[in-house]
Amino acid sequence: MNRMNTVLLPCGEAVSALGMGTWCMGESPALRAQELAALQRGLDLGCTLIDTAEMYGDGLAESLVGEAVRGRRDDAFIVSKVYPHNATARGTAAACERSLRRLGTDRIDLYLLHWRGNVPLAETLAALQSLRQAGKIRQFGVSNLDLADMRELWALPGGRDVQTDQLLYNLGRRGIEWDLLPWMAGQRMPVMAYSPIEQARLLEAPALVAFGRRHGMTPAQAALAWLLAPADGRPDVIAIPKASHAARVEENAAAAGIMLTAAQRAELDAAFAPPRGPSPLEML
Ligand SMILES: NC(=O)c1ccc[n+]([C@@H]2O[C@H](COP(=O)([O-])OP(=O)(O)OC[C@H]3O[C@@H](n4cnc5c(N)ncnc54)[C@H](OP(=O)(O)O)[C@@H]3O)[C@@H](O)[C@H]2O)c1
């Protein structure tokens, strides 16, 4: 397996800084072989964190992930998510069982609440703690929670065991740098950046294309390298680009080896400005 930068979760476990997303994968039989090859290439390259959810293709993405890791389960760190409407005491356990079956495994490495719904956070946290105790999940976390939600969570029993908040974060979506990311940095909690290339739309931004040309990297590599670069007031970042082509997985994986200089970061900051005040949490 290749060497890949890692990020430490609060529990002390190291995970690959560059993972792989799976939204919209596993839905087309015609694309299955190509998608499996892409995920397996990523595992070979050390992008061992695979992000999925019961929501994606109504479980089809989880089934694809299960097939991709068959025979090499220990190479992968599987992240999956429970729907908010399932995140009750009994519903979380049932949803987790269904996900485990589709994934063909006995444990999910990190299980996230997909976004906040109507179930009290305390009930979901208790359910996640029970699942962890039963060994069905190894760690748990959240997604799409804003600063007020995180503060509320932090005050609840088990809230401080949350390993990450998975959030929309890329060069064009920097709002969380205002207050949520500094708070997470203070708790030493990494952020998991989803849609890190804005579902490929960012790759056409003229400033990013020009930056990539000047510095000998592709737009995707520049966007991912920017996310992975250490920055003041920012926690460690785990980025989870989704690519269903092995060549794109290779291109993205190479971004983990690019260390942007301070001057290059300043160039990107000038083109993609950081926030100047608070804003509501954005999600896709
Ligand atoms: N928690 C949440 O609410 C939430 C929300 C959204 C996403 N997510 C997670 O985050 C993952 C990533 O986000 P995303 O899928 O929304 O978007 P993304 O990773 O920003 O972009 C994916 C798109 O970019 C293309 N792509 C990837 N690498 C490329 C490259 N090097 N050159 C050109 N095109 C490239 C992919 O094409 P191909 O696939 O055709 O190769 C795909 O169309 C998801 O898959 C999911 O696991 C979580």
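An oxygen atom of the ligand lies 2.9 Å from an N or O atom in the side chain of Asn-144, a polar contact in the sense of a pair of N or O atoms within 3.5 Å (within protein, one must be able to donate a hydrogen and the other to accept it, and residues adjacent in sequence count only if both atoms are side-chain atoms). The model is predicted, with local features needing pLDDT of at least 70 and side-chain atom pairs pLDDT 80 or more, while totals for chains, interfaces and linings use all residues. Residues are numbered from 1 along each chain as its sequence is written, and side-chain values use heavy atoms, with hydrogens and water left out.

For Asp-51, the distance from an N or O atom of its side chain to a ligand oxygen is 2.6 Å. Pro-196 takes part through its backbone, where a polar atom is 3.3 Å from an oxygen of the ligand. The ligand taken alone exposes 900 Å², and the protein buries 90% of that (accessible areas by the Shrake-Rupley method with a 1.4 Å probe; for residues, only the protein chains shown count as cover).

Around the ligand there are 28 residues, and Asp-51, Gln-166, Ser-195, Ser-244 and His-245 come nearest; a residue is near if one of its heavy atoms lies within 4 Å. This shell divides into 11 nonpolar, 11 polar and 6 charged residues (Ala, Val, Leu, Ile, Met, Phe, Trp, Tyr, Cys and Pro count as nonpolar, Asp, Glu, Lys and Arg as charged, and the others, Gly among them, as polar). Helix H9, residues 246-255, gives the largest share of the shell, 3 residues.

The ligand sits in the largest pocket, meaning that more than half of its atoms lie within 2 Å of the pocket's grid points. A pocket is an open set of points on a 1 Å grid over the protein atoms alone, where a 1.4 Å probe fits, with protein on both sides within 12 Å along at least five of seven lines; lining residues have an atom within 4 Å of a point. The largest pocket holds about 660 Å³ of space. Its lining counts 33 residues, with Ser-195, Pro-196, Gln-199, Pro-241 and Lys-242 closest to the centre. H9 gives the most to this lining, with 3 residues.

The second largest pocket has a volume of about 260 Å³. Among its 19 lining residues, Asn-5, Leu-228, Ala-229, Pro-230 and Asp-236 lie nearest the centre.

Note on methods: Helix = DSSP H or I, 4+ residues; strand = E, 2+ residues; numbered from the N terminus. Points joined across faces, edges and corners; volume = space filled by probe spheres on them.
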